[in-house]
Amino acid sequence: MARPETFGYFLIGLSAIFFALHWQQWREWVHSTTNSRRREFVRRQLQRRMVASGLIGVVGAAITLVNQLPPNPTAMTAYLCALLLAGCVIFAIALADMRAARRLLEEEQIELLAAELRKATAEAP
């Protein structure tokens, strides 16, 4: 049976990989010249994702420390509740990120449709 520390180290490594990817995206964002709404969306998205990645690393670090807990039910209950809360926060951030991406896509599609409609009405006799 695998030790929980192994999974904790895996989460820490995953968090580091995510941070490296987000850092690269951030550097590209700084030099981008896209429109302001898309630019603001990317900034907020990267902030959400960096927070989630950091929490994944914190959860991984907490999992590696499981053997350091005092062997009493109160400490274990508090530890598990904290891990559960962190997992719920990570999940909530992921849902917010998906919702924001979907909303931006819908707004861009509506703007494209409105532009096509204006073009068609301008061409109509």
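Which residues are linked with E40 in a network of salt bridges? The network joins E40, R43 and R44, where a salt bridge is a side-chain nitrogen of Lys or Arg within 4 Å of a carboxyl oxygen of Asp or Glu. The model is predicted, and local features need pLDDT of at least 70, side-chain atom pairs count only at pLDDT 80 or more, while totals for chains, interfaces and linings use all residues. Residues are numbered from 1 along each chain as its sequence is written, and side-chain values use heavy atoms, with hydrogens and water left out.

**Salt bridges**

- By this rule the count comes to five salt bridges, and in general side chains of opposite charge can pair when their charged atoms come close.
- One of them joins E40 and R44, whose closest N and O atoms are 3.2 Å apart, and these two residues are separated by about one helical turn because they stand four residues apart in helix 2. Helices are DSSP runs (H or I, at least four residues) numbered from the N terminus.
- E40 counts as partly exposed at 27% relative accessibility, and R44 is also partly exposed, with a relative accessible area of 47%; buried means under 20% relative accessible area, exposed over 50%, and partly exposed in between, with a 1.4 Å probe and protein chains only.
- R48 and D97 form another salt bridge, with their closest N and O atoms 3.1 Å apart, and this pair links distant parts of the chain, since R48 is in helix 2 and D97 is in helix 3, 49 residues apart.
- D97 is buried, having a relative accessible area of 9%.
- The side chains of R3 and E5 also meet in a salt bridge, at 3.2 Å from N to O; R3 counts as exposed at 55% relative accessibility, whereas E5 is buried at 9%.

**Nonpolar core**

- The largest nonpolar core has nine residues, namely L11, I56, V59, I63, V66, Y79, L83, A86 and I90; such a core is a set of buried Ala, Val, Leu, Ile, Met, Phe, Trp, Tyr and Cys residues joined through side-chain atoms within 4.5 Å.
- The elements that give two or more residues to this core are helix 2 (36-64) and helix 3 (73-123), and helix 3 gives the most, with four residues.
- In soluble globular proteins, nonpolar side chains tend to be buried together.
- V66, one of the core residues, touches P4, E5 and Y79 when residues up to four places away in sequence are not counted, where contact means heavy atoms within 4.5 Å.

**Aromatic pair**

- A search of the whole structure finds one aromatic pair: the rings of F7 and F10 have their centres 6.3 Å apart and their planes at 25°, so the pair is stacked.
- For this rule, rings of Phe, Tyr and Trp (its six-membered ring) pair if their centres lie within 6.5 Å, and planes under 30 degrees apart count as stacked, over 60 as edge-to-face and the rest as tilted.
- Both F7 and F10 lie in helix 1 (residues 4-30), three residues apart, which is about one turn of the helix.
- F7 counts as partly exposed at 47% relative accessibility, and F10 counts as partly exposed at 49%.

**Surface patch**

- F91, L95 and M98 form a nonpolar patch on the surface, with about 320 Å² of accessible area together, and M98 lies in helix 3.
- Patches are made of residues with over 30% relative accessible area and no salt bridge, like charges being joined within 9 Å and nonpolar side chains (Val, Leu, Ile, Met, Phe, Trp, Tyr) within 5 Å; the accessible areas come from the Shrake-Rupley method with a 1.4 Å probe, and for residues only the protein chains shown count as cover.

**Two further positions**

- L104 has its place in helix 3 and is buried, with a relative accessible area of 7%.
- Leaving aside neighbours within four places in sequence, L104 is in contact with R37, R38 and F41, while the C-alpha atoms of L104 and E28, 76 residues apart along the chain, are separated by 20 Å.
- A20 is placed in helix 1 and counts as partly exposed at 47% relative accessibility; A20 and P71 are 51 residues apart in sequence and 37 Å apart in space, C-alpha to C-alpha.
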